[in-house]
Each structure stands twice: as structure tokens, then as C-alpha cells.
Amino acid sequence: MSRWIEDPQGREEVEKVTRFLKLPVWKPQYLGKFREFWNELWEKIDTNAETSALTLSGKEDSFPKSTAFNKDFGVAREQVLEGAKLAEILGIPYGGLLNNNTTKKRGLGYYCTVNESIYKCLEDTQLNYAESNYFDAISNDDLLGKLQNLISREVINNVTYTKYSDGTMEIRGIKFFDKPSGDIDRFD
């Protein structure tokens, strides 16, 4: 049970306060059972608060160790936001960072800290930068750029012309395999 103490603030209108939360009990100014109820209520609140505080002191949250809640952030193995997992999601094993002097192995993915992209190694090399003869960009942004360059569109005199990367052209759904005459030469 909670113990009562004198008001540490010395307020004249307060008779006593609870020990833990310092909840005040005002001096009696009326008759009735409300004062008893108030004292009992304050005592229960204070006792529960003190018991909870003692129970929880020095305790940690109950999540298992070696989870994302207590690991370091980074791109190395065993770190949250692990680069190895990102490369594996892209479908290739992770080889590490591109920007160091280690040997890069063919078929592995390497993260370039300069370009902030993942590159697939095409041939074994010692390079520490993304040379196009040795590395192919496979990050989502790089792949999106390649896809966006497959089709070009232009509207000329309210007619939509579409040119595909294989040379095929389309005008409002009609495909042409030879270039039509007129303003369409702007595509070249």
C-alpha cells in the first residue's frame, strides 16, 4: 500500500500527498464519504504506478536478439539494409563494393558508392570503377532508363508517331516498316 507524506511544496490547502506520484489530498472542507473514496483511489493509483515502475526498471523491450531492431545499418553482411539481399533480389549473388582494389568476379553484383548503383561484373577485373566493358548497370533506375529509350513518341499536326528501337514505326495504331514521308524525319 502507498504511504502518505507531507506535501513537499508546502501548500496550505493540501493535507498530504502520495509518496510516489505526489498526488494531493486536499484538506477536508465538507462532510461525507467522498473524501474516503478519494484517498482510496489516490492510494491505488500511486501503489500501481510505483509497482509498475519497480517491475519495469532495468528491463529491456522483449524482442529477440539478432533482429533488425538491434543490428547496425549498412550494406555489409549481417547489417540492416544489407546490400547482399538487394543484389540477390535482382537475381545475382552479391560480390561487395565496387570501389575498392579487390578482384571483381564475373557474374557477381557490386555496389558502386560513387554512382549509388549495382553493377553486374561481366569479366574478372581489378577495376574500382564502373567501366562499361567490365560492368553492366542493373539497378532499377538504370534498367528503367534502358526501357524508356526503347520507344520515342512525337505528335505532329495532331498525329501521334511512335518509333520503336527495332526501327518499326506506328501512326495511331497502324504499323509501318518503312519510314513514311514527311515530318517524321525528325526521329533520325
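**Salt bridges and their surroundings**

Modeller: Leaving aside residues up to four places away in sequence, Glu50 touches Arg19 and Phe20, where contact means heavy atoms within 4.5 Å. This is a predicted model, in which local features need pLDDT of at least 70 and side-chain atom pairs count only at pLDDT 80 or more, while totals for chains, interfaces and linings use all residues. Residues are numbered from 1 along each chain as its sequence is written, and side-chain values use heavy atoms, with hydrogens and water left out.

Glu50 belongs to helix α1, residues 34-56. Helices (H or I, at least four residues) and strands (E, at least two) are DSSP runs, numbered from the N terminus. With a relative accessible area of 13%, Glu50 is buried. The term buried means under 20% relative accessible area, exposed means over 50%, and partly exposed lies in between (1.4 Å probe, protein chains only).

The side chains of Glu50 and Arg19 are joined by a polar contact of 2.2 Å. A polar contact is a pair of N or O atoms within 3.5 Å; within protein, one must be able to donate a hydrogen and the other to accept it, and residues adjacent in sequence count only if both atoms are side-chain atoms. Arg19 also forms a salt bridge with Glu50, their closest N and O atoms being 2.2 Å apart. This pair links distant parts of the chain, for Arg19 sits in the loop between β2 (14-18) and β3 (24-26) and Glu50 in helix α1, 31 residues apart. A salt bridge is a side-chain nitrogen of Lys or Arg within 4 Å of a carboxyl oxygen of Asp or Glu. Arg19, at 29% relative accessibility, counts as partly exposed.

A search of the whole structure finds 3 salt bridges. One of them brings together the side chains of Asp7 and Arg11, at 2.7 Å from N to O. Asp7 counts as buried at 11% relative accessibility, whereas Arg11 is partly exposed, with a relative accessible area of 27%.

Another salt bridge pairs Lys44 with Glu40, the closest N and O atoms being 3.2 Å apart. Both Lys44 and Glu40 lie in helix α1, 4 residues apart, which is about one turn of the helix. Glu40 counts as partly exposed, at 44% relative accessibility.
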